[in-house]
Amino acid sequence: MPLNRIDLSDINHPALLARMVHKLLGKQEGSVPVEDIAKALDISEVRLDRFDGFEGMLLTDTVRSTGCILANISKGHRRARFTVAHELGHFLMERHQLSATTGFTCSTRDMRESREGRQHLRQETQANQFAIELLAPDYLMEPFYSHDPDLRDAQHLMNSLDVSLEACVRRMVERRDEPLAAVWSHNGTVRYFAKGADFPFLNLSRGDRIPQTSAAHRAITNASPGFTQFVEADPHPWTGRSNLELYEQTRVANKGHAVTLLWAELPEDEEDGGLKELGIPGFR
Ligand SMILES: [Zn+2]
């Protein structure tokens, strides 16, 4: 592999770092060979196994003279691939401070971290940004996009890129042009959500019930696995607002799990964050 850590040194922005890896690698087809990439970048060993108490571990030192990655396989190989990419991110971003003298230990929660707060949160967020950009670069995602947003696209992406459905949905919400959000629920109760930058405020918190008037609620109550069609939704219970159009689609999985995709159409003066109104061209 035409990869070298020297070409990647001093890039501290996680997405730019992953894009540089792809630039050096050249175009790939199908799933990104994350273990081979790690080994080409001086990770001496990648161990996939069932571990208790952590999702991923990077054994290294402050100057990264050595690196060994352990990834927990107990939640499936797609999760483990993400974990390997996450730990590789900690390895390559040398400003990341070790969480123990032997390196980094990362939890399931760390793998979902997206906040930019204290150093620890920021590091986990950056490792996740690196991981998803490495495993699901735009050029491998875009051929799978339907004209309109569709959760089925995420399922096809999952199979092609060998990345979890959740990661594919998060990526779609973040990268597509439409204002999108996704809400994960269990037995009709919100677990967490992700929203794109253009999506308005989401009026839900962890532990809230999915709005009773929604198609999502009906689909979850019926509990038959599969995808619903996109239908118009009452925007108020989801967003606390009535002056926008909202559409929703749900994928019902087994054991009470579901994900709902929300697609907002904003009033014209709010598109592009209101920049049009100010006569300033948007950046998208
Ligand atoms: Zn981590």
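1. In this predicted model, the lining of the largest pocket is made up of 20 charged, 17 nonpolar and twelve polar residues. That lining has 49 residues in total, and the pocket holds about 1,500 Å³ of space.

2. Nearest the centre of the largest pocket lie Arg112, Glu166, Arg170, Trp184 and Tyr192. Two of these names, Trp184 and Tyr192, return under point 4, where they are bridge partners.

3. Which element gives the largest share of the lining? Helix α7 does, with eight residues. The elements that supply two or more residues to the lining are α1 (14-25), α3 (77-92), α4 (119-135), α7 (165-175), β6 (189-195) and β10 (257-265). Both domain 1 (5-135) and domain 2 (140-270) are represented, each with at least three lining residues.

4. Strand β5, residues 180-186, pairs with β6 in the antiparallel sense, and six bridges join them. Within this pairing, Trp184 has Tyr192 of β6 as its bridge partner. The hairpin formed by β5 and β6 has two residues between the strands, and Asn187 there takes a positive phi near 50 degrees.

5. The zinc ion has four donor atoms. Its protein donors are His86 and His90, each through NE2, Cys106 through SG, and Glu124 through OE. These donors lie 2.0 to 2.2 Å from the zinc ion. Angles among the donor atoms run from 91 to 127 degrees, and the site is tetrahedral.

6. In sequence, the zinc donors follow the spacing H-x3-H-x15-C-x17-E. His90 belongs to helix α3 and Glu124 to helix α4, so this pair ties together parts of the chain that are 34 residues apart in sequence. Helices α3 and α4 are also among the elements that give two or more residues to the lining of the largest pocket.

Note on methods
Residues are numbered from 1 along each chain as its sequence is written. This is a predicted model: local features need pLDDT of at least 70, side-chain atom pairs count only at pLDDT 80 or more; totals for chains, interfaces and linings use all residues. Side-chain values use heavy atoms; hydrogens and water are left out. On a 1 Å grid over the protein atoms alone, a cavity is a set of points where a 1.4 Å probe fits but cannot get out, and a pocket is an open set with protein on both sides within 12 Å along at least five of seven lines; lining residues have an atom within 4 Å of a point. Grid points are joined across faces, edges and corners, and a volume is the space filled by probe spheres set on the points. Helices (H or I, at least four residues) and strands (E, at least two) are DSSP runs, numbered from the N terminus. Ala, Val, Leu, Ile, Met, Phe, Trp, Tyr, Cys and Pro count as nonpolar, Asp, Glu, Lys and Arg as charged, and the others, Gly among them, as polar. Domain bounds come from an automatic or database domain assignment. Two strands pair if DSSP finds at least two bridges between them. Donors are N, O and S atoms within 2.8 Å of the metal (3.2 Å for Na, K and Ca); water is not among the atoms, so sites may look incomplete. Four donors count as tetrahedral if all angles lie between 85 and 135 degrees; four count as square planar and six as octahedral if opposite donors are over 155 degrees apart and all others between 65 and 115; anything else is irregular.
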